[in-house]
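The following questions and answers examine a structure of two protein chains. Please consult the sequence and the model while reading.

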Amino acid sequence: MQAVVVENLKKNYGKIKAVKGISFNVKKGEIFGLIGPNGVGKTTVLRVLATIIKKSDGKAKIFGYEVGKDDEAIRKIISYLPEEAGAYKNMRGIDYLKFMSNFFQKSDVDKAIEIANLGERIYDKIESYSKGMTRRLLVARALMAMPKLAILDEPTSGLDVVNANEIRNIIKEYAAMGTTFLISSHNMLEVEYLCHRIALMNNGIIVEEGEPEKLMEKYDAKNIEEVFLKVIK
Amino acid sequence: MRLAALIFKEVRELLTPATILPAIFMMLIFAGMGNMIGGMEKKAMQKPNVEIISYDNGSYANFYVNVLEKYCEEGKKNIATIIIPQNFSYSIEKGGAAEIKIKWFLEGTGISSSPSISNLRHAITMANKELASKILEEKNMNSSLIFSPVHYTEKSVIKNKEINAPPEKIISFFSSQSMSVPIVIMIMIVTSGGIVISSMGMEKENKTLETLLTLPIKRSHIVTGKIVGASVVGVVIASLYMLGLRYYISSFGIGEKIEGFNLSGIDYALLSISLFLSLLAGLSLCIVIGSFARNYKSAQVLSLPVSILAIVPMFLLMFQDFFSMDLPLKILIFIIPFSHPMMAPSLLLLKEYSWIIYGIAYTALFSSICILIATWIFKTDLLITGRIRK
């Protein structure tokens with residue numbers, strides 16, 4: 001069964017065509033990356049699939065549920081981490097995780113505390129956290145409910161090398177346990193390491209799609225960055 | 001469980017020292033002002049401290065001094081010296097008016113000095129009146145008949161209801177309702193409304209809204225959570241204001257109870273329904289308005305129209321009752337949902353139930369429409385992209 005099926009998805013903001021008709025599939029347990037520079041429509045695609053904005057045209061299904069029709073059912077099996085997400089500043093880290101656990105049938109607060117890896121600081125107010133600490137807390141929140149599909153927009157944004165690496169390993173660990181990941185990133189080296197398959201986006205369309213190794217081979221490139229530059233030439 | 005968690009989150013985010021401390025501060029200011037006014041009233045009940053110097057031992061002068069001493073007393077700090085000259089009694093005996101001299105000693109120019117001054121003037125008026133009675137009685141004339149040749153009994157009729165009380169007493173009684181209730185309701189609407197709009201602005205500024213919208217909860221629950229959370233905080237804050245305000249208003253000593261005007265259990269239930277629906281209308285309207293807030297700052301600006309809608313009926317109803325208003329003003333007051341609980345106490349005391357029911361029906365309709373719009377907005381792109389169109 002395909003985890004995500006997207007067919008000719010379009011999204012307009014008034015006269016601006018942010019997404020011009022894209023199609024892709026994500027297999028169950030796969031880490032799929034939407035790759036491209038800022039402003040090409042990656043976040044818009046993720047927001048449509050996360051059911052927080054409406055598509056203008058096309059079709060999208062998540063584990064058989066149709067986006068736009070079965071949104072309430074979709075929200076029960078997905079978890080979304082926005083790029084610039086924040087947390088409630090007056091809450092302590094631990095209280096934030098407990099608060100979020102109220103909304104899911106299965107959620108493991110202890111596992112979330114382990115993922116957040118904030119030590120004793122988990123008992124401090126979120127307003128005292130650094131950007132990196134907040135991001136780790138939010139990643140923990142996104143994964144604690146063991147979602148069938150985790151949609152992560154720039155998951156390592158704002159994290160230092162060590163923390164970013166930890167988060168990538170956690171994503172791989174959860175993917176091995178069966179969670180499907182749809183992530184976006186403009187860090188092409190990161191996705192090369194992390195993703196099973198990627199779609200390169202430019203100007204609201206997918207310009208290339210495939211496994212990172214095969215794409216590098218196809219374009220005779222040393223890395224995905226080089227592939228992207230050759231594709232958009 | 002999920003809704004309770006949402007409400008708890010809202011209360012926790014909104015009930016911060018930044019929202020509570022100003023309310024406590026205002027409560028203390030009102031209480032302090034009430035205490036000051038209460039102190040002035042107490043002062044007004046006291047005999048003024050006056051020094052009386054009499055150079056006349058005649059019977060009229062002695063009588064006059066005795067009466068003054070009944071209403072005044074000599075203290076360490078006298079507000080005036082009254083000098084009764086040698087020819088005081090002689091002038092009266094000759095059929096002329098006597099003359100006294102008053103030298104005032106002002107402690108300051110503040111309003112707190114005026115009760116003692118008024119009390120001394122009252123003492124002089126009483127002394128003059130009693131002296132006049134004495135003179136008349138010496139001439140075998142009935143002084144009480146001369147001073148008060150006509151006695152009267154009075155009744156007031158309001159809304160076809162006959163009340164055994166003078167109109168001033170009725171107006172004072174209704175004023176006590178029309179002063180305190182609209183102020184407290186205005187504070188509740190402005191505070192809770194501001195809180196809801198700010199909460200929307202904060203969700204956007206702190207980037208928590210996107211996460212909230214992807215949680216497996218109904219959009220209507222998010223709206224309800226915000227409304228109930230803000231109501232709880234609004235009621236807490238309004239209660240603090242009310243404590244101070246109650247003390248402040250009671251210091252005026254107005255609103256003495258009148259037989260025939262009282263609220264029954266049903267009246268209190270209707271008042272509570274009117275208040276609840278008005279708060280609901282205000283908060284759901286604020287969620288609709290708050291959806292347009294981009295951040296906390298813009299939320300502050302957006303709360304202004306709601307504040308105006310609460311302040312306008314408060315002022316109008318403080319000075320005029322609904323029935324004596326012109327038709328355009330009546331329509332304006334009726335369509336503002338916050339007016340209804342403001343005028344409810346007066347309407348209930350007058351047993352004008354039809355207007356209470358119309359008001360409740362209107363605010364219920366207004367709230368329902370606003371909640372439907374708010375829930376619809378939460379289902380559109382507006383909160384995230386600022387646009388409704390696909």
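**Helix packing and chain architecture**

Q: Which elements of chain A are included in what covers the buried residues of H6(A)?
A: This is a predicted model. The buried residues of H6(A) are Ile167(A), Ile171(A) and Tyr174(A). Their cover includes strand E3 (31–35), helix H5 (131–143), strand E8 (180–185) and helix H7 (188–194) of chain A.

Q: Within what arc do the buried residues of H6(A) fall, seen down the axis?
A: Ile167(A), Ile171(A) and Tyr174(A) are the residues concerned. They line one face of the helix, because seen down the axis of H6(A) they fall within an arc of 70°.

Q: Which exposed residues does the face of H6(A) turned away from its buried side carry?
A: The buried side of H6(A) is formed by residues such as Ile171(A). The face turned away from that side carries the exposed residues Val161(A), Val162(A), Asn169(A), Glu173(A) and Ala176(A).

Q: How far apart are the end C-alpha atoms of helix H6 (residues 161–176) of chain A?
A: The helix has 16 residues, which at 1.5 Å a residue should span 22 Å. The computed separation of its end C-alpha atoms agrees with this, at 23 Å.

Q: Which residue with a positive phi follows H6(A)?
A: The phi in question is near 115°. The residue that follows H6(A) with this positive value is Gly178(A).

Q: What is the radius of gyration of chain A?
A: The C-alpha trace of chain A spans about 50 × 40 × 35 Å along its principal axes. For 233 residues, a compact globule would have a radius of gyration near 17 Å. Chain A agrees with that expectation, with a value of 17 Å.

Q: What is the radius of gyration of chain B?
A: Chain B has 16 helices and 5 strands. The globule rule gives 21 Å for its 390 residues, and the chain is well over this, so it is more spread out than a compact globule. Its C-alpha atoms fill a box of roughly 100 × 50 × 35 Å along the principal axes. The radius of gyration of chain B is 30 Å.

Q: What distance separates the centres of domain 1 and domain 2 of chain B?
A: Chain B is divided into domain 1 (2–37 + 160–385) and domain 2 (46–149). Taken over C-alpha atoms, the centres of these domains are separated by 54 Å.

Q: Which elements cover the buried residues of H3(B)?
A: The buried residues of H3(B) are Tyr60(B), Ala61(B), Tyr64(B) and Leu68(B). They cover an arc of only 95° around the axis, which puts them on the same side of H3(B). What covers them includes strand E1 (50–54), strand E2 (80–84), helix H4 (88–93) and helix H5 (114–138) of chain B.

Q: Which helix supplies the largest share of the side of chain B that touches chain A?
A: The contact takes 23 residues from chain B and 28 residues from chain A. Helix H1 (2–14), helix H8 (209–214) and helix H16 (382–385) of chain B each supply at least two residues of the chain B side. The largest share, 5 residues, comes from H1(B).

Terms used:
Residues are numbered from 1 along each chain as its sequence is written. Chains are lettered from A and ligands numbered from 1 in the order in which they are written. This is a predicted model: local features need pLDDT of at least 70, side-chain atom pairs count only at pLDDT 80 or more; totals for chains, interfaces and linings use all residues. A residue is buried if 20 or more other C-beta atoms lie within 10 Å of its own, exposed if 12 or fewer, and partly exposed in between; C-beta atoms are placed from the backbone. Helices (H or I, at least four residues) and strands (E, at least two) are DSSP runs, numbered from the N terminus. The arc is that of the directions from the helix axis to the C-beta atoms. Two residues are in contact if their C-beta atoms, placed from the backbone, lie within 7 Å. The radius of gyration is taken over C-alpha atoms; the globule rule is 2.2 Å times the number of residues to the power 0.38. Domain bounds come from an automatic or database domain assignment. The expected span of a helix is 1.5 Å times one less than its number of residues.
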